Amino acid sequence: MSLSRYENGSWRLQLTGTDGVRRSVFLSKTTSKAAAVTFSNTVQRLLQCARLEVPFDARDQKWIVQQDGQIKKKLAKLGLVRTDQVEARQTLKAFTEQYIVRQPKETQRKLSDVARRLIAFFGDIPLHGINNADAQRFQHWLVSDQRLAENSTARRHIGYCVQIWNAAIDDELIVKNPFAQKGLKKAVKTNKERHFYVDRELAKRIFAVIPSTEYRLRFTLMRFNGFRAPSELNELRWSDIDWQNQSMTIRADKNRHQEDGGVRVSGIFPEVLPLLEEMSQARRGDAINVLPRISHKNLTKHVRNWVAAVGVDVWPQLLVNLRRSAATDAHDLYAPHVVDAWFGHCEAVSKKHYRMVTDEHYARLKSQASSLV
């Protein structure tokens, strides 16, 4: 390996790549001698590691990440950098787009919101251009300028940022995750003020204004079987229905990375069974799915219309609180491990996010007290 300088001030580094071919790497005349020597020494060290099949240390990985596209192309020709590390997907916008399409459909919508806010705050900059202080400023911006609830949405956004940057580290595009620092709040805390119990009387009134069996089934699956909506509604197939055992297989796309693949078996609640039977009788030919697919936006619009039709104010977390109400009812009837299995969450999550103390619990207590008098 030799380093020389031309009369015009540019630099020429001659060296042999990992493929055994001797090449010349040129550096611009604006490159100082110190920078040229550092470049030469670093490349020589990288070549030695590559030939010995020894991983690059953190310092050299960071140096590679900090180089511009032209330098990375030169390193790629030497066999020191993968070709895909040279591509434009190192930028915030390009990488998040590629990361999002690899995720479950239920998660893609949420990640798209995170990516939109990341780009609104940072612009389309290289991933390695975001440091710890930038991550802290982003969280502050989420809470203040975006007015996201600090206990939930903002924390969830930071959690998704951790996932995105970890994926970039796995792809060897960066070496450090600025969103993984201890100072950032990532643990989601449930806001009890946003919990709303849709009691059976209100559910009955809403059911009465729903015009079709298809949408009545959607509503009862959410309110009584606790389906996540719309993802689990969209994935329910006729082959998932076990009529003999009054059970069904439910697929949670958001949990497909878990050991069970996000697949669980749940009992079919009495409110749901007759509607399933009615839909089965109206089933068209070789239809695979029980219900036509529906978007989150479209489903939310329909539920809002039903709620308005019965003269009730739309409650917060419109679809989540239907699932929450179903889980609360189920815990009054079945053992916790049964409910957790049917609803697809653990005991800790159930206590923290789903179970609610309702007026009916107090009414039942008063009724019991009266009977003792």
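**Aromatic pairs, strand pairing and helix packing**

One aromatic cluster is formed by F121, F122, F138, W141, W165 and F179. The structure is a predicted model, and a search of the whole of this structure finds 16 aromatic pairs. One of the pairs joins F121 to F122. Its geometry is edge-to-face, with 4.8 Å from centre to centre and 85° between the planes. The two residues fall into separate accessibility classes: F121 has a relative accessibility of 27% and counts as partly exposed, whereas F122, with a relative accessible area of 14%, is buried. The limit that matters here is 20% relative accessible area, under which a residue is buried.

A further pair is made by F269 and F343. The ring centres of F269 and F343 lie 6.4 Å apart and the planes stand at 75°, so this pair is edge-to-face; planes over 60 degrees apart are placed in that class. The pair links distant parts of the chain, the residues being 74 positions apart. F269 belongs to the loop between β6 and α11 (273-281), while F343 is in helix α14. Both F269 and F343 are buried.

Helix α14 spans residues 336-343. This helix lies across β5 and β6 and runs at about 125° to β6. Strands β5 and β6 belong to an open sheet of 3 strands, ordered β4-β5-β6, in which the pairing is antiparallel. The edges of this sheet are taken by β4 (241-242) and β6 (263-267). Each of these edge strands has a single partner strand, so one side of each is left without a neighbour in the sheet. Strand β5, residues 247-251, pairs with β6 over 5 bridges in the antiparallel sense. Within this part of the sheet, T249 stands opposite V265 in β6.

Antiparallel pairing is also found between strand β1 (residues 2-5) and strand β2 (residues 11-16), here over 4 bridges. R5 has W11 of β2 as its bridge partner. The hairpin of β1 and β2 has 5 residues between the strands, and G9 in this hairpin takes a positive phi near 100°.

Helix packing was examined for α9 (residues 213-223) and α12 (residues 296-309). The axes of α9 and α12 are 12 Å apart and meet at an angle of about 90°. This angle makes α9 roughly perpendicular to α12, since the range for that description is 65 to 115 degrees. On the α9 side, the contact involves Y215, R218, F219 and M222; these residues meet L299, H302, V303 and W306 in α12. Sorted by class, the contact of α9 with α12 consists of 6 nonpolar, 1 polar and 1 charged residues.

Apart from neighbours within four places in sequence, P104 is in contact with D253, K254 and R256. The C-alpha atoms of P104 and N255 are separated by 8.5 Å, although these two residues are 151 residues apart along the chain.

Note on methods
Residues numbered from 1 in each chain as written. Predicted model: local features only at pLDDT ≥ 70, side-chain atom pairs only at ≥ 80, totals over all residues. Heavy atoms only, no water. Pairing = 2+ DSSP bridges. Helix = DSSP H or I, 4+ residues; strand = E, 2+ residues; numbered from the N terminus. Contact = heavy atoms within 4.5 Å. Axes fitted to C-alpha atoms, helices over the stretch in contact; angles between N-to-C directions. Parallel < 35°, antiparallel > 145°, perpendicular 65-115°, else oblique. Nonpolar A, V, L, I, M, F, W, Y, C, P; charged D, E, K, R; others polar. Phe/Tyr/Trp six-rings, centres within 6.5 Å; stacked < 30°, edge-to-face > 60°. Buried < 20%, exposed > 50% of the residue type's maximum accessible area, 1.4 Å probe, protein only.
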